[in-house]
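Subject: Structure handover

Hello,

Please find below the structure we talked about. My notes on what was found in it follow directly after.

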Amino acid sequence: MTAPTVETAPKYHLTSYGCQMNKLDSELVESKLRQRGYVAAACEADADVVLINTCSVRQHAEDRVWSKLGKLRVRKRSEPGLVVGVLGCMAQEHKRYLVARMPHVDLVVGPSAFGDIDQTVEIARSKNLQIAAEREPARTRHEVRGAGVLSVDQGMSGDTIVRDVRVRPHRSQAFVSVMRGCNMPCTYCIVPTTRGDEVSRPIADLVEETQRLCADGVTEITLLGQTVNAYGRDLTGQNATLARLLRALHEVPSLRRLAFITSHPNFLSPDLIDAMAELPKVARYLHLPAQSGSNAVLKAMRRGYTIERYEARIEQLRNKAPDIELHSDFIVGYPGESEADFAATVAFVQRIGFAQSYVFKYSPRPGTLAAELHDDVAEPEKERRNAVLLEVQEELTGAKNRALVGKVVEVLVEGDSKVDGRFSGRTAHHRLVHFATTDRELIGQYVPVRVTQALAHSCVGEMLRHDAAQEGAHDPAEAAT
Ligand code: 5AD
Ligand code: SF4
(Lines give C-alpha, C1' and ligand atoms only; values in the text may rest on other atoms or scores of the structure.)
(Ligands and ions follow the chains in the order given, each with its own letter.)
Protein backbone atom coordinates (compact mmCIF):
# COMPACT_ATOMS: atom_id res chain seq x y z
CA MET A 1 0.00 0.00 0.00
CA THR A 2 1.41 3.42 -0.85
CA ALA A 3 1.20 5.98 1.94
CA PRO A 4 -0.84 9.06 1.08
CA THR A 5 1.01 12.35 0.66
CA VAL A 6 1.09 14.65 3.67
CA GLU A 7 -1.50 17.07 2.21
CA THR A 8 -4.06 14.33 1.68
CA ALA A 9 -3.10 12.16 4.62
CA PRO A 10 -5.79 11.74 7.26
CA LYS A 11 -5.02 13.59 10.48
CA TYR A 12 -5.37 12.17 13.97
CA HIS A 13 -5.33 13.77 17.38
CA LEU A 14 -4.81 11.69 20.49
CA THR A 15 -5.29 12.89 24.06
CA SER A 16 -3.91 10.72 26.81
CA TYR A 17 -5.05 10.68 30.43
CA GLY A 18 -3.74 8.70 33.37
CA CYS A 19 -0.67 6.64 34.07
CA GLN A 20 2.62 6.09 32.25
CA MET A 21 1.25 2.84 30.85
CA ASN A 22 -1.38 4.91 29.06
CA LYS A 23 1.28 7.24 27.71
CA LEU A 24 3.15 4.26 26.34
CA ASP A 25 -0.06 2.82 24.85
CA SER A 26 -0.70 6.16 23.19
CA GLU A 27 2.79 6.09 21.65
CA LEU A 28 2.10 2.61 20.31
CA VAL A 29 -1.28 3.66 18.87
CA GLU A 30 0.31 6.70 17.24
CA SER A 31 3.08 4.56 15.77
CA LYS A 32 0.55 2.24 14.27
CA LEU A 33 -1.44 5.10 12.73
CA ARG A 34 1.69 6.71 11.33
CA GLN A 35 2.75 3.42 9.79
CA ARG A 36 -0.57 3.51 7.95
CA GLY A 37 0.09 7.00 6.65
CA TYR A 38 -1.84 9.08 9.19
CA VAL A 39 -0.23 12.31 10.37
CA ALA A 40 -0.60 14.21 13.64
CA ALA A 41 -3.06 17.12 13.40
CA ALA A 42 -1.85 20.49 14.62
CA CYS A 43 -4.79 20.62 17.00
CA GLU A 44 -7.89 18.58 17.82
CA ALA A 45 -10.19 20.84 15.79
CA ASP A 46 -8.13 20.06 12.69
CA ALA A 47 -8.21 16.27 13.11
CA ASP A 48 -10.21 13.75 11.06
CA VAL A 49 -9.79 11.17 13.79
CA VAL A 50 -10.06 12.17 17.45
CA LEU A 51 -8.91 9.53 19.92
CA ILE A 52 -9.01 9.72 23.71
CA ASN A 53 -6.93 7.28 25.72
CA THR A 54 -8.75 7.20 29.01
CA CYS A 55 -8.21 6.44 32.70
CA SER A 56 -10.73 5.04 35.21
CA VAL A 57 -8.66 5.16 38.35
CA ARG A 58 -10.51 8.14 39.84
CA GLN A 59 -13.85 9.78 39.07
CA HIS A 60 -12.17 13.07 38.19
CA ALA A 61 -10.24 11.46 35.32
CA GLU A 62 -13.47 10.02 33.94
CA ASP A 63 -15.39 13.28 34.29
CA ARG A 64 -12.91 15.05 32.05
CA VAL A 65 -13.52 12.47 29.33
CA TRP A 66 -17.32 12.60 29.62
CA SER A 67 -17.16 16.35 29.22
CA LYS A 68 -14.87 16.07 26.21
CA LEU A 69 -17.21 13.54 24.64
CA GLY A 70 -20.08 15.98 25.13
CA LYS A 71 -18.24 18.57 23.06
CA LEU A 72 -17.37 16.03 20.38
CA ARG A 73 -21.04 15.07 20.14
CA VAL A 74 -21.83 18.65 19.10
CA ARG A 75 -18.95 18.75 16.63
CA LYS A 76 -19.96 15.50 15.04
CA ARG A 77 -23.37 16.92 14.12
CA SER A 78 -21.75 19.17 11.54
CA GLU A 79 -18.90 16.79 10.69
CA PRO A 80 -20.34 13.30 10.19
CA GLY A 81 -17.05 12.16 8.64
CA LEU A 82 -15.24 12.70 11.94
CA VAL A 83 -14.10 9.56 13.72
CA VAL A 84 -14.30 9.59 17.52
CA GLY A 85 -12.61 6.84 19.48
CA VAL A 86 -12.59 6.05 23.19
CA LEU A 87 -9.57 3.94 24.07
CA GLY A 88 -8.17 2.45 27.26
CA CYS A 89 -9.66 1.81 30.67
CA MET A 90 -12.97 3.64 30.22
CA ALA A 91 -13.55 1.77 26.97
CA GLN A 92 -13.23 -1.42 28.95
CA GLU A 93 -15.20 -0.25 31.95
CA HIS A 94 -18.06 1.54 30.17
CA LYS A 95 -18.25 -0.29 26.87
CA ARG A 96 -21.96 -1.04 27.15
CA TYR A 97 -22.88 2.52 28.01
CA LEU A 98 -20.65 3.93 25.28
CA VAL A 99 -22.08 1.66 22.64
CA ALA A 100 -25.71 2.04 23.69
CA ARG A 101 -25.81 5.69 24.67
CA MET A 102 -23.10 7.50 22.78
CA PRO A 103 -23.84 7.08 19.10
CA HIS A 104 -21.26 9.67 18.12
CA VAL A 105 -18.50 7.38 19.40
CA ASP A 106 -17.25 5.15 16.58
CA LEU A 107 -14.58 3.15 18.36
CA VAL A 108 -14.50 1.64 21.81
CA VAL A 109 -11.14 -0.04 22.19
CA GLY A 110 -9.92 -1.57 25.45
CA PRO A 111 -6.26 -1.57 26.49
CA SER A 112 -5.72 -5.10 25.27
CA ALA A 113 -6.91 -4.46 21.74
CA PHE A 114 -4.43 -1.90 20.43
CA GLY A 115 -2.49 -4.33 18.25
CA ASP A 116 -4.62 -3.62 15.17
CA ILE A 117 -5.93 -0.18 16.09
CA ASP A 118 -4.96 1.25 12.68
CA GLN A 119 -7.26 -1.21 10.95
CA THR A 120 -10.11 -0.43 13.35
CA VAL A 121 -9.70 3.30 12.77
CA GLU A 122 -9.50 2.79 9.02
CA ILE A 123 -12.79 0.85 8.92
CA ALA A 124 -14.55 3.54 10.94
CA ARG A 125 -13.13 6.28 8.76
CA SER A 126 -14.16 4.80 5.45
CA LYS A 127 -17.69 4.10 6.73
CA ASN A 128 -18.01 7.62 8.12
CA LEU A 129 -16.73 9.16 4.92
CA GLN A 130 -19.31 7.22 3.00
CA ILE A 131 -22.04 8.43 5.35
CA ALA A 132 -20.77 11.99 5.08
CA ALA A 133 -20.79 11.81 1.28
CA GLU A 134 -24.38 10.61 1.29
CA ARG A 135 -25.65 13.33 3.58
CA GLU A 136 -25.77 17.07 3.57
CA PRO A 137 -23.95 17.93 6.75
CA ALA A 138 -26.18 20.98 7.32
CA ARG A 139 -29.27 18.75 7.39
CA THR A 140 -27.70 16.20 9.65
CA ARG A 141 -29.29 17.20 12.90
CA HIS A 142 -29.44 13.75 14.39
CA GLU A 143 -26.36 11.90 15.48
CA VAL A 144 -24.49 9.54 13.29
CA ARG A 145 -22.87 6.35 14.35
CA GLY A 146 -20.50 5.97 11.51
CA ALA A 147 -18.98 2.59 11.84
CA GLY A 148 -20.45 1.06 14.93
CA VAL A 149 -17.09 -0.62 15.35
CA LEU A 150 -16.64 -2.25 18.69
CA SER A 151 -13.28 -3.71 19.45
CA VAL A 152 -12.86 -4.21 23.12
CA ASP A 153 -10.89 -7.21 24.22
CA GLN A 154 -8.93 -9.15 21.66
CA GLY A 155 -6.05 -10.18 23.88
CA MET A 156 -3.65 -8.22 21.69
CA SER A 157 -1.93 -5.35 23.45
CA GLY A 158 0.23 -2.99 21.46
CA ASP A 159 3.49 -4.32 22.87
CA THR A 160 4.55 -5.89 19.61
CA ILE A 161 4.17 -2.66 17.67
CA VAL A 162 7.46 -1.29 16.38
CA ARG A 163 7.64 2.22 17.71
CA ASP A 164 7.96 5.27 15.54
CA VAL A 165 10.78 7.38 16.95
CA ARG A 166 8.83 10.60 16.29
CA VAL A 167 6.15 9.74 18.81
CA ARG A 168 8.55 9.31 21.70
CA PRO A 169 8.57 12.45 23.84
CA HIS A 170 12.37 12.42 23.94
CA ARG A 171 14.66 10.63 21.57
CA SER A 172 16.88 9.39 24.35
CA GLN A 173 14.10 8.08 26.62
CA ALA A 174 11.61 5.28 26.23
CA PHE A 175 9.11 3.28 28.21
CA VAL A 176 9.00 -0.49 27.86
CA SER A 177 6.04 -2.40 29.23
CA VAL A 178 7.26 -5.58 30.89
CA MET A 179 3.91 -6.79 32.14
CA ARG A 180 0.27 -5.90 31.71
CA GLY A 181 -2.59 -6.19 34.18
CA CYS A 182 -2.67 -6.67 37.92
CA ASN A 183 -3.63 -9.61 40.15
CA MET A 184 -3.68 -7.74 43.46
CA PRO A 185 -6.86 -7.50 45.52
CA CYS A 186 -6.69 -3.81 46.56
CA THR A 187 -10.27 -3.00 47.47
CA TYR A 188 -10.37 0.54 46.04
CA CYS A 189 -8.76 -0.13 42.68
CA ILE A 190 -10.42 -0.57 39.29
CA VAL A 191 -7.21 -1.51 37.47
CA PRO A 192 -7.53 -5.30 37.80
CA THR A 193 -10.98 -4.98 36.20
CA THR A 194 -9.98 -2.70 33.35
CA ARG A 195 -6.58 -4.19 32.61
CA GLY A 196 -7.16 -7.81 33.50
CA ASP A 197 -4.75 -10.43 34.83
CA GLU A 198 -1.00 -10.12 34.98
CA VAL A 199 0.75 -11.10 31.77
CA SER A 200 4.53 -10.77 31.70
CA ARG A 201 6.62 -10.64 28.55
CA PRO A 202 9.60 -13.02 28.26
CA ILE A 203 13.05 -11.65 29.13
CA ALA A 204 14.38 -12.38 25.62
CA ASP A 205 11.67 -10.17 24.05
CA LEU A 206 12.43 -7.35 26.43
CA VAL A 207 16.16 -7.56 25.77
CA GLU A 208 15.46 -7.48 22.05
CA GLU A 209 13.18 -4.44 22.37
CA THR A 210 15.69 -2.62 24.57
CA GLN A 211 18.51 -3.33 22.12
CA ARG A 212 16.37 -2.00 19.29
CA LEU A 213 15.49 1.18 21.19
CA CYS A 214 19.11 1.74 22.21
CA ALA A 215 20.25 1.31 18.61
CA ASP A 216 17.77 4.08 17.84
CA GLY A 217 19.35 6.54 20.28
CA VAL A 218 17.65 5.66 23.55
CA THR A 219 19.89 5.71 26.62
CA GLU A 220 17.26 5.73 29.39
CA ILE A 221 14.64 3.01 29.67
CA THR A 222 11.79 2.99 32.16
CA LEU A 223 10.21 -0.43 32.60
CA LEU A 224 6.47 -0.31 33.22
CA GLY A 225 4.12 -2.59 35.08
CA GLN A 226 1.27 -2.01 37.56
CA THR A 227 3.23 -4.20 39.97
CA VAL A 228 6.49 -4.21 38.07
CA ASN A 229 8.44 -6.05 40.75
CA ALA A 230 5.98 -8.95 40.55
CA TYR A 231 7.25 -9.33 36.99
CA GLY A 232 7.56 -12.90 35.81
CA ARG A 233 5.45 -14.72 38.37
CA ASP A 234 3.05 -15.82 35.63
CA LEU A 235 5.92 -17.09 33.44
CA THR A 236 6.14 -20.49 35.08
CA GLY A 237 9.35 -22.40 34.67
CA GLN A 238 11.26 -19.47 33.18
CA ASN A 239 12.79 -18.18 36.41
CA ALA A 240 11.95 -14.68 35.25
CA THR A 241 12.13 -12.02 37.97
CA LEU A 242 12.61 -8.27 37.83
CA ALA A 243 16.08 -8.70 39.34
CA ARG A 244 17.09 -11.07 36.55
CA LEU A 245 15.55 -8.80 33.95
CA LEU A 246 17.48 -5.79 35.28
CA ARG A 247 20.70 -7.78 35.11
CA ALA A 248 20.00 -8.85 31.53
CA LEU A 249 19.12 -5.34 30.33
CA HIS A 250 22.09 -3.88 32.16
CA GLU A 251 24.31 -5.63 29.62
CA VAL A 252 23.04 -3.54 26.71
CA PRO A 253 26.14 -1.39 26.12
CA SER A 254 24.65 1.98 25.14
CA LEU A 255 22.02 1.94 27.87
CA ARG A 256 22.93 4.36 30.68
CA ARG A 257 19.88 4.49 32.92
CA LEU A 258 17.36 1.82 33.78
CA ALA A 259 14.32 2.72 35.89
CA PHE A 260 11.18 0.74 36.73
CA ILE A 261 7.72 1.73 37.99
CA THR A 262 5.55 0.93 39.94
CA SER A 263 6.62 -1.50 42.66
CA HIS A 264 4.48 -3.22 45.26
CA PRO A 265 5.86 -3.53 48.83
CA ASN A 266 5.08 -7.25 48.95
CA PHE A 267 7.53 -8.04 46.14
CA LEU A 268 10.55 -6.04 47.26
CA SER A 269 12.70 -9.17 47.38
CA PRO A 270 16.32 -9.50 48.60
CA ASP A 271 17.27 -10.30 44.98
CA LEU A 272 15.81 -7.05 43.76
CA ILE A 273 17.54 -5.12 46.53
CA ASP A 274 20.86 -6.72 45.54
CA ALA A 275 20.32 -5.84 41.90
CA MET A 276 19.56 -2.22 42.80
CA ALA A 277 22.62 -2.06 45.02
CA GLU A 278 24.97 -3.64 42.49
CA LEU A 279 23.93 -2.32 39.12
CA PRO A 280 25.21 1.22 38.50
CA LYS A 281 22.84 1.93 35.61
CA VAL A 282 19.75 1.29 37.73
CA ALA A 283 17.99 4.57 38.60
CA ARG A 284 18.43 5.63 42.21
CA TYR A 285 14.77 5.87 43.16
CA LEU A 286 12.10 3.34 44.01
CA HIS A 287 8.41 4.10 43.58
CA LEU A 288 6.88 1.94 46.29
CA PRO A 289 3.35 3.14 47.08
CA ALA A 290 2.45 2.65 50.73
CA GLN A 291 -1.13 4.05 50.33
CA SER A 292 -1.51 4.57 54.09
CA GLY A 293 0.56 4.68 57.27
CA SER A 294 -2.15 3.02 59.36
CA ASN A 295 -2.31 -0.75 59.74
CA ALA A 296 -6.09 -0.65 60.15
CA VAL A 297 -6.49 1.14 56.81
CA LEU A 298 -3.94 -1.09 55.07
CA LYS A 299 -5.88 -4.10 56.28
CA ALA A 300 -9.19 -2.63 55.11
CA MET A 301 -7.59 -1.92 51.73
CA ARG A 302 -6.29 -5.52 51.58
CA ARG A 303 -2.82 -4.32 50.74
CA GLY A 304 -1.25 -7.44 52.22
CA TYR A 305 1.43 -5.83 54.41
CA THR A 306 1.74 -3.93 57.65
CA ILE A 307 3.62 -0.73 58.23
CA GLU A 308 6.18 -2.69 60.24
CA ARG A 309 6.80 -4.98 57.28
CA TYR A 310 7.09 -2.07 54.88
CA GLU A 311 9.61 -0.40 57.15
CA ALA A 312 11.62 -3.60 57.61
CA ARG A 313 11.94 -3.97 53.84
CA ILE A 314 13.02 -0.34 53.52
CA GLU A 315 15.64 -0.90 56.16
CA GLN A 316 17.04 -3.85 54.19
CA LEU A 317 17.07 -1.70 51.07
CA ARG A 318 18.76 1.22 52.78
CA ASN A 319 21.39 -1.04 54.34
CA LYS A 320 22.47 -2.25 50.93
CA ALA A 321 21.68 0.74 48.72
CA PRO A 322 21.61 3.84 50.94
CA ASP A 323 21.51 6.23 47.98
CA ILE A 324 18.10 4.99 46.74
CA GLU A 325 15.34 7.52 47.36
CA LEU A 326 11.77 6.46 48.00
CA HIS A 327 8.65 7.69 46.24
CA SER A 328 5.12 6.79 47.32
CA ASP A 329 1.41 7.15 46.62
CA PHE A 330 -1.15 7.77 49.37
CA ILE A 331 -4.92 7.70 49.43
CA VAL A 332 -6.55 9.94 52.01
CA GLY A 333 -10.16 9.60 53.17
CA TYR A 334 -10.53 5.87 52.57
CA PRO A 335 -13.83 4.68 54.15
CA GLY A 336 -13.37 4.49 57.90
CA GLU A 337 -10.07 6.41 57.94
CA SER A 338 -10.07 8.12 61.34
CA GLU A 339 -8.17 11.19 62.40
CA ALA A 340 -5.77 8.86 64.24
CA ASP A 341 -5.25 6.77 61.08
CA PHE A 342 -4.46 9.90 59.15
CA ALA A 343 -2.06 11.10 61.86
CA ALA A 344 -0.29 7.73 61.55
CA THR A 345 0.13 8.35 57.81
CA VAL A 346 1.62 11.79 58.44
CA ALA A 347 4.04 10.36 61.02
CA PHE A 348 4.96 7.53 58.66
CA VAL A 349 5.73 9.88 55.77
CA GLN A 350 7.99 11.91 58.04
CA ARG A 351 9.67 8.81 59.47
CA ILE A 352 10.51 7.32 56.08
CA GLY A 353 11.42 10.67 54.56
CA PHE A 354 9.99 10.07 51.11
CA ALA A 355 11.56 12.17 48.36
CA GLN A 356 8.23 12.45 46.59
CA SER A 357 4.62 11.40 47.15
CA TYR A 358 1.48 11.54 45.09
CA VAL A 359 -1.54 12.10 47.30
CA PHE A 360 -5.06 11.20 46.14
CA LYS A 361 -8.44 11.74 47.72
CA TYR A 362 -10.30 8.44 47.87
CA SER A 363 -12.71 8.13 44.95
CA PRO A 364 -15.22 5.24 45.00
CA ARG A 365 -15.01 3.17 41.82
CA PRO A 366 -18.23 1.32 41.01
CA GLY A 367 -17.61 -2.41 40.88
CA THR A 368 -14.79 -2.41 43.43
CA LEU A 369 -15.19 -3.85 46.93
CA ALA A 370 -14.60 -0.50 48.59
CA ALA A 371 -17.45 1.05 46.61
CA GLU A 372 -19.81 -1.08 48.72
CA LEU A 373 -18.63 0.72 51.85
CA HIS A 374 -20.02 3.98 53.15
CA ASP A 375 -17.81 6.77 51.79
CA ASP A 376 -17.84 8.38 55.21
CA VAL A 377 -15.02 10.90 55.11
CA ALA A 378 -16.66 14.12 53.95
CA GLU A 379 -15.21 15.89 50.92
CA PRO A 380 -13.93 18.94 52.85
CA GLU A 381 -12.15 16.60 55.25
CA LYS A 382 -10.60 14.69 52.34
CA GLU A 383 -9.46 18.05 50.95
CA ARG A 384 -7.94 18.97 54.29
CA ARG A 385 -6.07 15.69 54.69
CA ASN A 386 -4.88 15.95 51.11
CA ALA A 387 -3.51 19.46 51.71
CA VAL A 388 -1.87 18.53 55.02
CA LEU A 389 -0.11 15.50 53.61
CA LEU A 390 1.03 17.39 50.53
CA GLU A 391 2.49 20.09 52.74
CA VAL A 392 4.36 17.52 54.83
CA GLN A 393 5.72 15.96 51.66
CA GLU A 394 6.66 19.35 50.18
CA GLU A 395 8.71 20.12 53.24
CA LEU A 396 10.58 16.82 52.88
CA THR A 397 11.13 17.30 49.15
CA GLY A 398 12.30 20.88 49.72
CA ALA A 399 14.77 19.75 52.38
CA LYS A 400 16.22 17.12 50.02
CA ASN A 401 16.53 19.74 47.31
CA ARG A 402 18.21 22.20 49.70
CA ALA A 403 20.74 19.54 50.71
CA LEU A 404 21.82 19.38 47.07
CA VAL A 405 22.80 23.04 46.79
CA GLY A 406 26.50 23.25 45.92
CA LYS A 407 26.64 19.65 44.70
CA VAL A 408 27.15 18.47 41.13
CA VAL A 409 24.53 16.18 39.63
CA GLU A 410 24.34 14.45 36.30
CA VAL A 411 21.32 15.54 34.29
CA LEU A 412 19.84 13.87 31.26
CA VAL A 413 18.65 16.92 29.32
CA GLU A 414 15.00 16.58 28.27
CA GLY A 415 14.30 19.96 26.67
CA ASP A 416 12.95 23.43 27.27
CA SER A 417 12.02 24.34 30.77
CA LYS A 418 8.94 26.49 31.42
CA VAL A 419 11.25 29.48 31.96
CA ASP A 420 12.69 30.96 28.75
CA GLY A 421 16.38 30.38 28.15
CA ARG A 422 16.40 27.38 30.46
CA PHE A 423 16.48 23.70 29.81
CA SER A 424 15.53 20.99 32.21
CA GLY A 425 16.29 17.36 32.75
CA ARG A 426 16.39 14.70 35.41
CA THR A 427 19.00 13.14 37.61
CA ALA A 428 19.35 9.43 38.28
CA HIS A 429 17.19 10.13 41.36
CA HIS A 430 14.45 11.45 39.05
CA ARG A 431 14.93 14.96 40.39
CA LEU A 432 14.01 17.76 38.02
CA VAL A 433 16.83 20.27 37.43
CA HIS A 434 16.66 23.50 35.41
CA PHE A 435 19.72 25.29 34.05
CA ALA A 436 20.43 28.16 31.66
CA THR A 437 21.39 27.30 28.09
CA THR A 438 20.11 27.81 24.59
CA ASP A 439 22.07 24.93 23.09
CA ARG A 440 19.51 22.52 21.69
CA GLU A 441 22.26 20.04 20.88
CA LEU A 442 22.32 19.22 24.56
CA ILE A 443 18.91 17.56 24.44
CA GLY A 444 19.37 13.86 25.07
CA GLN A 445 22.85 14.32 26.53
CA TYR A 446 24.09 13.81 30.08
CA VAL A 447 25.56 17.01 31.50
CA PRO A 448 27.02 17.88 34.90
CA VAL A 449 25.10 20.65 36.66
CA ARG A 450 26.03 22.35 39.91
CA VAL A 451 22.89 22.99 41.96
CA THR A 452 22.62 26.63 42.99
CA GLN A 453 19.03 26.90 44.22
CA ALA A 454 16.43 24.60 45.68
CA LEU A 455 12.75 25.06 44.78
CA ALA A 456 9.77 23.18 46.26
CA HIS A 457 9.63 20.56 43.49
CA SER A 458 12.86 21.02 41.56
CA CYS A 459 16.36 22.49 41.58
CA VAL A 460 18.06 25.22 39.58
CA GLY A 461 21.73 24.97 38.69
CA GLU A 462 24.49 25.90 36.30
CA MET A 463 25.93 23.57 33.75
CA LEU A 464 29.59 22.69 34.12
CA ARG A 465 32.04 21.76 31.39
CA HIS A 466 29.93 19.67 29.03
CA ASP A 467 32.59 17.29 27.73
CA ALA A 468 33.11 16.07 31.29
CA ALA A 469 29.64 14.58 31.16
CA GLN A 470 30.41 12.26 28.33
CA GLU A 471 32.47 10.01 30.54
CA GLY A 472 31.29 7.64 33.20
CA ALA A 473 27.83 6.78 34.42
CA HIS A 474 25.81 8.77 36.91
CA ASP A 475 27.56 11.10 39.29
CA PRO A 476 27.81 9.71 42.81
CA ALA A 477 27.74 13.28 44.16
CA GLU A 478 23.96 13.18 44.38
CA ALA A 479 24.15 9.94 46.28
CA ALA A 480 25.48 11.96 49.21
CA THR A 481 21.97 13.29 49.92
N1 5AD B 1 -9.27 6.56 44.75
C2 5AD B 1 -8.17 7.33 44.92
N3 5AD B 1 -6.95 6.98 44.52
C4 5AD B 1 -6.80 5.79 43.93
N5 5AD B 1 -5.72 5.16 43.44
C6 5AD B 1 -6.10 3.99 42.92
N7 5AD B 1 -7.43 3.82 43.06
C8 5AD B 1 -7.89 4.94 43.69
C9 5AD B 1 -9.17 5.35 44.14
N10 5AD B 1 -10.25 4.59 43.97
C11 5AD B 1 -4.36 5.72 43.54
C12 5AD B 1 -3.41 4.79 44.30
C13 5AD B 1 -2.54 4.27 43.20
C14 5AD B 1 -2.52 5.42 42.23
C15 5AD B 1 -2.11 5.09 40.86
O16 5AD B 1 -3.85 5.88 42.24
O17 5AD B 1 -2.66 5.58 45.19
O18 5AD B 1 -1.25 3.92 43.65
FE1 SF4 C 1 -4.48 -1.20 41.79
FE2 SF4 C 1 -3.41 -2.48 43.91
FE3 SF4 C 1 -2.97 -3.39 41.38
FE4 SF4 C 1 -1.83 -1.11 42.19
S5 SF4 C 1 -1.45 -3.16 43.07
S6 SF4 C 1 -2.89 -1.46 40.21
S7 SF4 C 1 -3.40 -0.24 43.54
S8 SF4 C 1 -4.94 -3.32 42.46
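The shell around ligand 2 divides by class into seven nonpolar, three polar and one charged residues. Here Ala, Val, Leu, Ile, Met, Phe, Trp, Tyr, Cys and Pro count as nonpolar, Asp, Glu, Lys and Arg as charged, and the others, Gly among them, as polar. The residues in question are Cys182, Met184, Cys186, Tyr188, Cys189, Val191, Pro192, Gln226, Thr227, His264 and Arg303, where a residue is near a molecule if one of its heavy atoms lies within 4 Å of it.

Some ground rules. This is a predicted model, in which local features need pLDDT of at least 70 and side-chain atom pairs count only at pLDDT 80 or more, while totals for chains, interfaces and linings use all residues. Residues are numbered from 1 along each chain as its sequence is written, chains are lettered from A and ligands numbered from 1 in the order in which they are written, and side-chain values use heavy atoms, with hydrogens and water left out.

Ligand 1

The residues surrounding ligand 1 are Val57, Arg58, Tyr188, Gln291, Asp329, Ile331, Phe360, Lys361, Tyr362, Ser363 and Arg365. By class they are five nonpolar, two polar and four charged.

- Arg58: a side-chain N or O atom is 2.9 Å from an oxygen atom of ligand 1.
- Gln291: a side-chain N or O atom is 2.7 Å from an oxygen atom of ligand 1.
- Ser363: a polar backbone atom is 2.8 Å from a nitrogen atom of ligand 1.

Taken alone, ligand 1 exposes 410 Å², and the protein buries 86% of that (Shrake-Rupley method, 1.4 Å probe). Strands β12 (325–332) and β13 (356–361) are the elements that give two or more residues to this shell.

The chain and Leu326

The chain has 13 helices and 18 strands, taken as DSSP runs (helices H or I, at least four residues; strands E, at least two) and numbered from the N terminus. Of its 481 residues, 54% count as buried, meaning under 20% relative accessible area, with exposed over 50% and partly exposed in between (1.4 Å probe, protein chains only).

Leu326 sits in strand β12 and is buried, at 1% relative accessible area. Apart from neighbours within four places in sequence, Leu326 is in contact (heavy atoms within 4.5 Å) with Leu286, Ile314, Leu317, Arg318, Ile352, Phe354, Ala355 and Gln356. Between the C-alpha atoms of Leu326 and Ile352, which are 26 residues apart along the chain, the separation is 8.2 Å.

Salt bridges

The count is 29 salt bridges, each a side-chain nitrogen of Lys or Arg within 4 Å of a carboxyl oxygen of Asp or Glu. One of them pairs Glu209 with Arg201, with 2.8 Å between the closest N and O atoms; both residues are buried. Another joins Lys320 and Asp274 at 2.8 Å, N to O. That pair links distant parts of the chain, from helix α11 (residues 307–320) to helix α9 (residues 270–278), 46 residues apart.

Arg440 and Asp416 also form a salt bridge (3.2 Å, N to O). Arg440 is in the loop between β16 (432–436) and β17 (446–454) and Asp416 in strand β14 (residues 408–416), so the pair ties together parts 24 residues apart in sequence. Arg440 is partly exposed, at 49% relative accessibility. Elsewhere, salt bridges with shared partners join Glu337, Glu339, Glu381, Arg384 and Arg385 into one network.

Regards

Notes: A polar contact is a pair of N or O atoms within 3.5 Å; within protein, one must be able to donate a hydrogen and the other to accept it, and residues adjacent in sequence count only if both atoms are side-chain atoms.
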